[in-house]
Amino acid sequence: KSALIFGKVEIGRTTFRDIQKWYGGGKAVKQDPSEEAPVGVCFLINGQIKTRVVFESGSAGAWKRITGVRLTKASPGDVCPVWRGDGFANGVLLGQDRRTVEAKLGIKAMHKSDSLHYVEESRRPATPAERAWLLKNFPSEAPQFDVTIAVDANFKHEKLTEFYLTKTDTF
């Protein structure tokens, strides 16, 4: 659960409007030119490694609810406001060694390489509001959601250089 929280932002629950209310920041913009591209808003963290944080949402979040967070090394041309919140509740940061990242996430990679890929799938019951919406729009669907949490991390010399976490709920 703590891997899904960055400052006050909970992946899968928080909206862009919440982020702008809590932290400011610009308008969410497309992250690439493709038609179904996620939209995102970026911030900079001035730490040991200057980090660019992007909160994004795609079709599973109706381009409003945050479905992912990406950490990369900031570039000199990045035009993002400075992040005024805490980092991940679990403490994952760029520059940490692989063993520390795996321990903080509570996962163990199957293969040792320069990348870590992890997927966790589960099911959850629909909330009362979701249940009503499903019954109205998709009466033959079961009132439950498939939940997928995915982590992609890249390492160079065993140090974290990129991190991407997504959470999607689908029926």
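Visitor: How confident is the predictor in the protein chain?
Guide: This is a predicted model, and the protein chain has a mean pLDDT of 85, with 95% of its residues at 70 or more.

Visitor: OK, cysteines. How many disulfides does the structure hold?
Guide: One. C42 and C80 form it, with their sulfur atoms 2.0 Å apart.

Visitor: Which parts of the chain does the pair link?
Guide: Distant ones: C42 sits in strand β4 (residues 39-45), while C80 is in the loop between β6 and α2 (98-105), and the two are 38 residues apart.

Visitor: And is that disulfide left-handed or right-handed?
Guide: Left-handed, because the torsion about the S-S bond of C42 and C80 is about -100°.

Visitor: Is C42 buried or exposed?
Guide: Buried, because its relative accessibility is 14%, and the cut-off for buried is under 20%. C80 counts as buried too, at 11%.

Visitor: What about the rest of β4, how many of its residues are buried?
Guide: Six of the seven, so β4 is largely enclosed by the rest of the structure.

Visitor: Which strands does β4 pair with?
Guide: One partner is β3, which runs antiparallel to β4 and is joined to it by two bridges. There, K30 stands opposite V39 of β4. β4 also pairs with strand β5 (residues 51-57), again in the antiparallel sense, over seven bridges.

Visitor: Which residue in β5 is the bridge partner of F43?
Guide: That's V53. β4 and β5 make a hairpin, with five residues between them.

Visitor: Switching topic: what volume does the largest pocket have?
Guide: About 310 Å³. It has 15 lining residues, and the closest to the centre are G12, R13, R124, K167 and D169.

Visitor: Which elements give two or more residues to that lining?
Guide: β8 (144-156) and β9 (159-170).

Notes: Residues are numbered from 1 along each chain as its sequence is written. This is a predicted model: local features need pLDDT of at least 70, side-chain atom pairs count only at pLDDT 80 or more; totals for chains, interfaces and linings use all residues. Side-chain values use heavy atoms; hydrogens and water are left out. On a 1 Å grid over the protein atoms alone, a cavity is a set of points where a 1.4 Å probe fits but cannot get out, and a pocket is an open set with protein on both sides within 12 Å along at least five of seven lines; lining residues have an atom within 4 Å of a point. Grid points are joined across faces, edges and corners, and a volume is the space filled by probe spheres set on the points. Helices (H or I, at least four residues) and strands (E, at least two) are DSSP runs, numbered from the N terminus. pLDDT is the predictor's confidence in each residue, from 0 to 100. A disulfide is a pair of cysteine sulfur atoms within 2.5 Å. Buried means under 20% relative accessible area, exposed over 50%, partly exposed in between (1.4 Å probe, protein chains only). Two strands pair if DSSP finds at least two bridges between them.
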